[in-house]
Amino acid sequence: MRLEFEVIKSNKNVYSLTRWCTTSSSSSITNLKQIHCKLIRTGGILDILSAGKLISEIAISNPSNLSYARSVFSRLGYRPNTFTWNSMIRGYAHSPDPEEAIFLFRQMLKGGILPNNYTFPFLFKACTQLVDHNLGFGLHGTIIKLGFEDCDAFIQTSLISFYASCGYIDIASQLFNQSIERDVTSWNALIKGYIKSNRFMDAIRVFRMMLGRKDIRADEITLLGVILACTQLGALDMGRWIHAYIDKSCLKLSTRIGTALMDMYARCGSIDVAKTLFDKMHGKDVRSWSVMIGGFAIHGYAYDALELFNEMNRLGFVPDSVTFTAVLSACSHSGMVEEALQVLNKMREDYGLVPTIEHYGCIVDLFCRARRLKEALCLIKELPMKPDLVLWGSLLVACRANKNMEIGEMVAKEILKLDPHHCGAHVFLSNVYASFGRWAQVEQVRSLMNDKGIRKQPGSSVIELGGDVHEFTAGDRSHPQSKEIQVMLDEIVRLLSLEGHMPSTRDIPLDIDEEEKEQALYQHSEKLAVAFGLINTEKGVVLRIVKNLRICDDCHSTMKLISKVFDRTIIIRDRNRFHHFKGGLCSCNDFW
């Protein structure tokens, strides 16, 4: 470094040297301090451009260096320019203290320094970090007053990103449509916003629009976003198309994209393709291994998950907290109690990792699935941390499945202490009373739910055919093929009755006769989706369905029979796991 100091004779030299320091080694802050000393000795610190470049490099190098940058900034002895203010605001906007970015902006205005088009994107970043929507709205107003909104692409992109990140996706879409120049960053911001708002079809629609533009090329962020949208929808055909697009466009299959594709295939029901992709992938990281283990877990392939975990260890990859969650989940889905407890112990003793509530949640879920409800309850009460709604919820679901009303009623009341508006707890109490025919109390609980504005989450299922995603809700009659679907449902009922199938109506908490209960059962969303699939596909085509809730007992037994009677493979992903129905059997072995 001694030789470099001799060349600090111009602004260009200072800029080149500070950039060299921030990219050359981990000791860059030490080098920057030496440059600072040299500038003081030579008088270069009095040059506003030299000082500004030094402060900029310190501020953006690492959040831990911000206090030093602030010290240099406050001791300049003259009024900083907009570039220097922007550098400080930028540093704090990306730090754990984003409120300081807002404070500096206000100080900037008090000092009579006007912001420019580079100031506001950093401020919107700070607003997003702070989840301060009103402040962002105010900044938008300032932008309009200064005349920046309609003439600067950089600011327009930051506005789209801000509104999309805060959940105001329709405003973000409007701003996007009005923008004068759309670069890949603005397209990515809109796609990300739709995904955050759970509007996955809209995210895919925007991606298709983007591909129609010759001046825009998708980057890694674009692809990660749209692959995630396909994963959430269970849109395997679209996911395959995106994979083919990546290959055809000769885009680099990075570890991140490869892992995302692997996750998509696994969660869209194509676990074999996911494993093939995993085996061919170069540069695997811990997340890649964790995702593949998690893929085996949700399909119920616990032994494959454990074998892969052991291979990961043999190859020298160090599992993290996410990896252990995936392994414990695999054990949970297959009822492997002892193996799970061994893994939890290995996590503590061999890797020094402290189990989190997610890890204990897997054990609680495992006890529940194994019908060891008292052990699950004891574990919850003995946890080193306060149990959350997820833990109590797992036990609540198990109590309902195992008809343990005594523990279930107690658990429901514990949940209501944590969240008086918890829908599941109210519904469980209603179901408990309904199972005993106590309809007056059922009505009392439902009235309470209405008074509190609590609504039960409706069941919905999606099925993808020919690249289009069709969504059904329970009792849905809005689909263009609704009449044909109802005819197919009647045919399914007729054929299944010949097989001796009796609808399981005991879990319907309604004071109606058996015939009405059976009719309600056959309008469940996954049955509508299957009927639609049978109408519109050739024999032998696998039907893939994604359900937002846990599949009920009757739908589970019905799917097994449909797979046998119609000689179809049906793959359903519910809230917890995959079910592969084939030849009258399910891959979960009726353990879910």
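Select Lys275 and Asp279 to begin: both sit in helix H17 (residues 271-280), four residues apart, so about one helical turn separates them. (Helices here are DSSP runs of H or I, at least four residues, numbered from the N terminus.) Their side chains meet in a salt bridge, 2.8 Å from N to O. That term means a side-chain nitrogen of Lys or Arg within 4 Å of a carboxyl oxygen of Asp or Glu. Now colour by accessibility: Lys275 is partly exposed at 24% relative accessibility, and Asp279 is partly exposed too, at 46%. Partly exposed is what lies between buried (under 20% relative accessible area) and exposed (over 50%), using a 1.4 Å probe and protein chains only.

A word on what you're looking at: this is a predicted model, where local features need pLDDT of at least 70 and side-chain atom pairs count only at pLDDT 80 or more, while totals for chains, interfaces and linings use all residues. Residues are numbered from 1 along each chain as its sequence is written, and side-chain values use heavy atoms, leaving out hydrogens and water.

Next, jump to helix H28 (residues 482-498) and pick Glu491 and Arg494, three residues apart, or about one helical turn. They form a salt bridge at 2.8 Å, N to O. Glu491 is partly exposed at 30%, as is Arg494 at 43%.

Now select Asp170, Arg199, Asp202 and Arg205: salt bridges with shared partners join them into one network. Zoom in on Arg199 and Asp202, whose side chains meet at 2.9 Å, N to O. Arg199 is partly exposed, with a relative accessible area of 29%.

Conventions. Helices (H or I, at least four residues) and strands (E, at least two) are DSSP runs, numbered from the N terminus.
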